[in-house]
Every structure is written in structure tokens, then in C-alpha cells.
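Hi everyone, thanks for coming.

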Amino acid sequence: MALGCNRFQKDSAVLAIVLACVLCAPCAARYSRPHRYEAQLESAAAAEEEQWFIQRLDHFNGAETRVWKQRYFVNDTFYRPGGPVFLMIGGEGPANPAWMQYGTWLLYAQKLGALCLLLEHRFYGKSHPTEDLSTENLRFLSSRQALADLAHFRTVTAATRGLTNSKWVAFGGSYPGSLAAWFRLKYPHLVHASVATSAPVHATVNFPEYLEVVWRSLAAENPECPLVVKKASDTLGERLNDPKTYDNITKDFRLCSKLQIQSKMDSAYLLESLAGNFMDVVQYNEDNRAFEGVVGTNITIKVLCSVMLDSSLGEPYDRYAAVARLMQSTFSQACINTQYKSYIQDMSNTSWSGPEAGGGRQWVYQTCTEFGFYQSTDSPNQPFSGFPLHYHLQQCADIYNLSTSLDDAIQQTNEEYGGYDIRTTRIVFPNGSIDPWHALGVTQDITSDLLAVFIEGTAHCANMYPARAEDLPQLSLARDHIFILLQKWLAE
């Protein structure tokens, strides 16, 4: 997010600062946590004409003949005959057509004469392969099926548009970044090169390193900042053990109903919800995301640390509550619902019009069956407490009635794609040092044409967003370096 707030006022009702938490593929806002701060926005780019592709339901069962309509978008403004085809891969949210008008990839397309396509991921946005989101139907939701979707789309589109001899380049950020890399790995005859930005290529059940990077990113702003956050989080955790404090907690954090802690899952859900305020800001710190239709782009690590270090607001606990109220004011929310039971009820709704059909139900299913990626508090080197691995695994059982043992599924994913040890050619892996997801990505060159671009001081998918005057010089150099690689690879 492009963020930059000058000051924090004690009366949070005055504030109209907004944090972006929408799932705008191809670089989604977050992975496994619930989306209580989703903004329901229509981008100005929504007028972009959507098109539809007849896709197979199951690519790995020849006896399955069912098909469905997959949404995609086209920008042929820069295309020159003989030029390459750029395929932007959608991810765990609706495909945002704003990417057909903005983004670094379009500058590359203009210079290289590329046709630009954006394909929405199955089961997200308007791409509905089945009549509902039942667990039975979600068996058709996987990265493997998504890659086969890309392969079939590429093959048919190349044939119908006369692009069979064109060189195709895959682009993606975050989970779609992983898909971009894996598309090149699994279908090298169909895609010539890939730009896999902020791509977590290594599946892991437990991902405590995420919060370790959050600590380091906060400390880079001010070494005291994560220490105060930890003290506040610890204080809240202690108070949750005393029911006499519940009325004050309800008031301090503006909960929608009186706090009730009936299980460890209830307390974990509350603690994760509040920690999420910091996790989201760190992940997208100063990314230039306004073009996506994301509301407000001015809450940064600097803003959060200024609040947490402002002793005039009270003790660290009080400042932590002030951050929570800031976020609520941001989204014009009178209160927040932190009841685990309500969350499970919403996530268990299988209707396409359900409260988590925008991506929450689908993505958590993918974490339960393929990736894990659970951002637990199991490491001592991070600022939060109270949402251990068990809390995340239990959701797999509570929502989908799946096993809480993911080890075999994670092993299968890394066997399928290679994890950190991916072996193919012509992929560049850009990552930002502030982005917690770089811990599961490729941050050092593997070979001379499996290259890492590690950008100090930048966050999630920073290189994908439109350039601006205040960009760090190393970010500008990274964009230029990626373009030079594309030039070189397209000449091969």
C-alpha cells in the first residue's frame, strides 16, 4: 500500500485513515487469517470488459466431462504482431481488472509489444466451477487444477488468436507468484519465462517466521516498537485469564458483544484479530496500491510505531487498543466481532453469496489441503502471543471436517513443485525485505537463469505496482533489472 500518515490524534473518531485489506488478485492482501476488514469496493476499472473461457472441471479425470466458465480480461493496446503474450495469474480473490490499466507489467508490455491477459483463479471472483462451495465441491480447488486451467487456457487462446508461435510470459504476485513459477516448472513447453513476485514456493505447516519478520520490520523503524507491542499483547493475554477484565476489554477494543472466553479458540481468535492490524500494515508497508481501488493508503509501520511509542495515550495496552480503534474508524465500523463461533459459522456457509465466499472459505481450504502457511506465535522471537499452531489446525476440522494433521499434504506439495529447490529455467523471483513472505521465497540465485531480486526496504509485491517519484532507488533498479531479464529471455 502507498501509505504515509503524518500524525495520530488521540480521538480516533476524528480519523479517516484506511487500511487496505481487500483480496485483489494477483497480489492478495493476506493468506490464512479472516478478513474482518474487507472493503467491498468497485474499482473504476470495473468497466473493463470481462470475457469468458470454457474450462474443464477436472483436468485429471478423463471420464469427467463437466465444464464451467472462467473469467478473463484482455488488453491489446500495446500488442505488436509477433510480440510476446503476458499472462497475469489471478489468485485467492476476485481478479481486479485495474491491473489491465496499471502496473509495471504494462510498461514492459508497451516496450516489448506484448498482448496482456489476466485469468481469474477457479473458485474465486466470478469464476464458479460448481453450484456451491461445499467441501465436496472444493475438492476441485487446488494449485494443480489451477495450473492445468492456465495450460488449457494458454493452448486454446493461442490457437484461436493465432498466437501459437508467440512466447508467453507468466506474471503473478504472492500465491499467484508461486503459480507463475510452477507454471514454468510444470508446463515449460507452454510458457517461456516467469516473473514470480513475493512467491512463497516452500509449503510448510507452521510458519512462525512470518511474525519474526514482523518483529524485524517494526524494529527497523524503531527498536523499541516491537518491544512495546509485545508488552501490550502479553498484557492483553494475561487479562483474558481474568473474567473481571472482560467488560473493560469489550469497551477498550469496541467489541460488538460482551467478551466471552469459553475456550482457547475464543482467546486465540481475539488475539489474532488484533495482531492482524500490525501484520497487514507490515506486509504492505508503503506499497503503491491505490490504483486497485483500495481505500486509503496511508497507514504505515511508521504510523503504528508512532502510536505504540506515544506515552500520552497511556500504557502499552492502551496504545494497542488505540491502534484497534484506529482501524475501526478507518473502516467506519462501530465495533468488531471477535467471536470464534461466529467466524466458524460464516466460514462454514457454502453459498456463493455467503459472507466468506469472496475468498476466505476457499483460501483456508487450500491452506488445509496444500500449503499450511500458518502464521503462529510459536517462536519466541516475535511480538505476539496466544495463537499457536493448534489454533490454525483446529479450523481445518471445525470448518471442513478435515484432519488436523497436514504433514502428508505439505510433503506432497513440496514433492510436486520442489520447494526452495525448484529446478527449471527463466524465472526471476523478486522479494522485499520487509515482506514477511520472503521467508518462504527464493532470495538467492539458484542458477544463472533462476534469479533472485531481493529489494531492501520494500514490502509485498512492491515491484509490481506503478512507479512513483518517492520510490526507493533500489526498487526502481529492481524493475529495470527485471525488464532487462525479460528482454534477454525473449531473445532466446
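Let's start with the largest nonpolar core, which has 120 residues. By nonpolar core I mean a set of buried Ala, Val, Leu, Ile, Met, Phe, Trp, Tyr and Cys residues joined through side-chain atoms within 4.5 Å. Buried is under 20% relative accessible area, exposed is over 50%, and partly exposed is in between, with a 1.4 Å probe and protein chains only. The members of this core that touch the most other members are Trp182, Phe183, Leu236, Phe253, Tyr320, Phe384 and Phe429. Helix H7, residues 264-283, gives the most to this core, with 11 residues. Both domain 1 (47-202 + 419-491) and domain 2 (206-407) supply at least three residues each; those bounds come from an automatic or database domain assignment.

A quick word on the source: this is a predicted model, so local features need pLDDT of at least 70 and side-chain atom pairs count only at pLDDT 80 or more, while totals for chains, interfaces and linings use all residues. Residues are numbered from 1 along each chain as its sequence is written, and side-chain values use heavy atoms, with hydrogens and water left out.

Now, what does Phe429 contact, leaving aside its neighbours within four places in sequence? Its partners include Ala181, Ala196, Val201, Ile422 and Val442, and also Leu450, Leu451, Ala452 and Val453; contact here is heavy atoms within 4.5 Å.

Helices (H or I, at least four residues) and strands (E, at least two) are DSSP runs, numbered from the N terminus, and two strands pair if DSSP finds at least two bridges between them. The protein has 14 helices and 10 strands. Eight strands make an open sheet with mixed pairing, in the order S1-S2-S4-S3-S5-S6-S9-S10. Strands S1 (51-56) and S10 (450-455) are at the edges with a single partner strand each, so one side of each has no neighbour in the sheet. From one strand to the next, the twist averages 25°, with axes fitted as lines to C-alpha atoms, for helices over the stretch in contact, and angles running from 0 to 180 degrees between N-to-C directions.

Within the sheet, S3 (residues 85-89) and S4 (residues 115-119) are parallel, paired over five bridges, and Leu87 has Leu117 in S4 as its bridge partner. Helix H1, residues 104-112, packs on the sheet and touches S2 (67-75), S3, S4 and S5 (168-173), with its direction at about 170° to that of S3.

S5 and S6 are also parallel, over five bridges, and Ala170 is partnered with Ser194 in S6. How covered is S6, residues 193-197? Five of its five residues are buried: Ala193, Val195 and Thr197 on one side, Ser194 and Ala196 on the other.

For contrast, look at Asp407 in helix H13, residues 407-417: at 52% relative accessibility, Asp407 counts as exposed.

Finally, the overall figure: 62% of the 492 residues count as buried. Thanks, and happy to take questions!
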